[in-house]
Amino acid sequence: MTWISKLTTAFGLLLLADACYSAYEHSVLQSHRAASLSSLTTSHTSPANTLPIDITIETIVATLIVCLGMVLGTSKLRPIQWRVWAGKIEREGEAGFLNSSGEVEKDYVGNPFRLLESRPGFVDIRKQRKEFAEWVKGQ
């Protein structure tokens, strides 16, 4: 993650923590107010326990800022088609998979077809049998 995305995410988390603390304080004050009012009156009607609009808006804005910070910090998306991704690996190599700090990404595995390209061809049994027979005769 770049420092901009980290800063944005940290600011959003700070706002979210403030909104959570404000909601907690509001609920404590409401329960204290309800307890003191119930001791004064004999009716058991409970007041509305809704959060004030400023706490609700702060929570929504903080969540959106955290999401924005996370999106800014993600790496570039890979192509969906395997052949496009493998072609990019073969054309560009490690240079195509450098992150923002100049290091090769940790999920870079190199050429995905290297096992297919390095495997031996078909085995010629007759040729091996002939070579073995010549080796035995030479012993």
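I4 lies in helix 1, and what we're looking at is a predicted model.

Student: Is I4 buried, exposed or partly exposed?

Tutor: Start with the cut-offs: buried means under 20% relative accessible area, and exposed means over 50%. I4 comes in at 45% relative accessibility, so I4 counts as partly exposed.

Student: Which helix gives the nonpolar patch its largest share of residues?

Tutor: The patch sits on the surface and is made of W3, I4, L7, L68 and L72, with about 560 Å² of accessible area together. Helix 1 (3–40) and helix 2 each supply at least two of its residues. The largest share is three residues, and that comes from helix 1.

Student: What does the side chain of T9 reach?

Tutor: T9 is found in helix 1 too. With a relative accessible area of 8%, T9 is buried. Its side chain gets to within 2.8 Å of a backbone atom, the oxygen of S5.

Student: Over to helix 2: how far apart are its end C-alpha atoms?

Tutor: Helix 2 covers residues 53–72, which is 20 residues. At 1.5 Å a residue it should span 28 Å, and the end C-alpha atoms agree with that, being apart by 28 Å.

Student: And which residues are exposed on the other side of helix 2?

Tutor: First, the buried ones: I55, E58, A62, I65, V66 and G69. They cover an arc of only 100° around the axis, so they're on the same side of helix 2. On the other side, the exposed residues are I53, L64 and V71.

Key
Residues are numbered from 1 along each chain as its sequence is written. This is a predicted model: local features need pLDDT of at least 70, side-chain atom pairs count only at pLDDT 80 or more; totals for chains, interfaces and linings use all residues. Side-chain values use heavy atoms; hydrogens and water are left out. Helices (H or I, at least four residues) and strands (E, at least two) are DSSP runs, numbered from the N terminus. The expected span of a helix is 1.5 Å times one less than its number of residues. Buried means under 20% relative accessible area, exposed over 50%, partly exposed in between (1.4 Å probe, protein chains only). The arc is that of the directions from the helix axis to the C-beta atoms. Patches are made of residues with over 30% relative accessible area and no salt bridge: like charges are joined within 9 Å, nonpolar side chains (Val, Leu, Ile, Met, Phe, Trp, Tyr) within 5 Å. Accessible areas come from the Shrake-Rupley method with a 1.4 Å probe; for residues, only the protein chains shown count as cover. A salt bridge is a side-chain nitrogen of Lys or Arg within 4 Å of a carboxyl oxygen of Asp or Glu. A polar contact is a pair of N or O atoms within 3.5 Å; within protein, one must be able to donate a hydrogen and the other to accept it, and residues adjacent in sequence count only if both atoms are side-chain atoms.
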